[in-house]
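Could you walk me through this protein model in a friendly way? I would like a short briefing with the main points grouped by topic.

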Amino acid sequence: FLSILYPKNETRFIILCENRNRLIAQRHEFIEYWYAGGKNTKQLQFIPRPKLPFFYLFDWDFDGLNIYTDIKSKYFPTIKAFIPDNFELLMENQEDVKEHYSKWKNNNCFQHLNETEKAIATVLFDTDSIIEEQKIILNKNNLSINGIN
C-alpha cells in the first residue's frame with residue numbers, strides 16, 4: 001500500500017515519510033506526503049518514478065539511514081534525504097529516547113550517502129545520538145535548505 005496526503009494546492013514536491021504521523025497532520029500548501037510503511041518498502045517497486053523533486057523524511061538512526069539507502073539503491077536513485085536545519089539541536093542520545101530500538105550497529109551504509117548526509121550521520125554515530133523524524137519541523141528555513149521554495 002501507499003498512503004498519500006495531498007496538499008491544499010498543486011503538488012510541487014513529494015516527501016516519502018518513514019513514519020505515518022506526517023500523514024495525520026494538517027495538509028501542506030504544496031508538499032505531497034507519501035507513506036509506504038517504514039521498513040516495508042517492497043511495494044515501492046510498483047510506483048512510477050516521480051517527476052517532481054522527491055525527498056525522504058526519516059529518523060536519523062541506524063534503521064532510518066539503512067531504509068533510505070535501500071530505497072535509493074533499489075527504487076528511486078534520485079531521492080534525497082530531507083536535511084534538517086540546526087540538526088545539532090535535534091540530536092538526542094539514543095539511550096534517552098523511550099521505545100527506541102534502532103541502535104547504531106555500524107556505519108556501513110554511510111558509503112552510500114552524499115557529503116552532507118554523511119557529515120550529519122557521522123556526528124550522530126560518533127555521539128551515539130539520533131534525530132527522530134517528528135522533531136524535524138518543516139519551516140521556511142528547513143525547506144530552503146532542501147531547495148524547496
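**A first look at the model**

Gln 94 lies in the loop between strand 6 (92-93) and helix 3 (115-126); helices (H or I, at least four residues) and strands (E, at least two) are DSSP runs, numbered from the N terminus. This is a predicted model, in which local features need pLDDT of at least 70 and side-chain atom pairs count only at pLDDT 80 or more, while totals for chains, interfaces and linings use all residues. Residues are numbered from 1 along each chain as its sequence is written, and side-chain values use heavy atoms, with hydrogens and water left out.

- Gln 94 has a relative accessible area of 2%, so it is buried (buried means under 20% relative accessible area, exposed over 50% and partly exposed in between, with a 1.4 Å probe and protein chains only).
- Not counting residues up to four places away in sequence, Gln 94 touches His 100, Ser 102, Lys 103, Trp 104, Asp 128, Ser 129 and Ile 130; contact means heavy atoms within 4.5 Å.
- Asp 61 sits in the loop between strand 4 (54-57) and helix 1 (62-74).
- With residues up to four places away in sequence set aside, Asp 61 touches His 100, Ser 102, Trp 104 and Ile 130.
- Asp 61 is buried yet has no salt bridge, and the nearest side chain of opposite charge, that of Lys 39, is 8.6 Å away. For charges, Lys and Arg count as positive and Asp and Glu as negative, while His and the chain ends are not counted.
- A polar atom of the Asp 61 side chain lies 2.7 Å from the backbone nitrogen of Gly 64.

- Five strands form an open sheet with the order 1-3-2-4-5 and mixed pairing; two strands pair if DSSP finds at least two bridges between them.
- Strand 1 and strand 5 (80-81) stand at the edges with a single partner strand each, so one side of each is left without a neighbour in the sheet.
- Strand 1 (residues 3-5) and strand 3 run antiparallel and are joined by three bridges, and Ser 3 has Tyr 35 as its bridge partner in strand 3.
- Strand 2 and strand 3 run parallel, with five bridges joining them; here Ile 14 has Glu 32 as its bridge partner in strand 3.
- Strand 4 and strand 5 pair in the parallel sense over two bridges, and the partner of Phe 55 in strand 5 is Lys 80.

- Is strand 3 enclosed or open? Five of its five residues are buried, so strand 3 is largely enclosed by the rest of the structure.
- In a regular strand, side chains alternate between the two faces of the sheet.
- Both faces of strand 3 are covered, with Ile 31, Tyr 33 and Tyr 35 buried on one side and Glu 32 and Trp 34 buried on the other.
- The largest nonpolar core has 48 residues, of which Ile 15, Leu 16, Trp 60, Leu 65 and Phe 82 touch the most other members. Such a core is a set of buried Ala, Val, Leu, Ile, Met, Phe, Trp, Tyr and Cys residues joined through side-chain atoms within 4.5 Å.
- Leu 44, found in the loop between strand 3 and strand 4, is buried, with a relative accessible area of 1%.
- Leaving aside neighbours within four places in sequence, Leu 44 is in contact with Leu 16, Ala 36, Ile 71, Tyr 75 and Phe 76.
- Leu 44 and Ile 71 are 27 residues apart in sequence, and their C-alpha atoms are 8.1 Å apart in space.

**Salt bridges**

- How many salt bridges does the structure hold? There are six salt bridges, each a side-chain nitrogen of Lys or Arg within 4 Å of a carboxyl oxygen of Asp or Glu.
- One of them joins the side chains of Glu 133 and Arg 22 (3.9 Å, N to O). Glu 133 lies in the loop between strand 7 (129-130) and helix 4 (140-145) and Arg 22 in the loop between strand 2 and strand 3, so the pair ties together parts that are 111 residues apart in sequence.
- Glu 133 is buried at 0% relative accessibility, and Arg 22 is buried with a relative accessible area of 13%.
- Lys 39 forms a salt bridge with Asp 63, and their closest N and O atoms are 3.4 Å apart.
- Lys 39 counts as exposed, at 60% relative accessibility.

Note on methods. A polar contact is a pair of N or O atoms within 3.5 Å; within protein, one must be able to donate a hydrogen and the other to accept it, and residues adjacent in sequence count only if both atoms are side-chain atoms.
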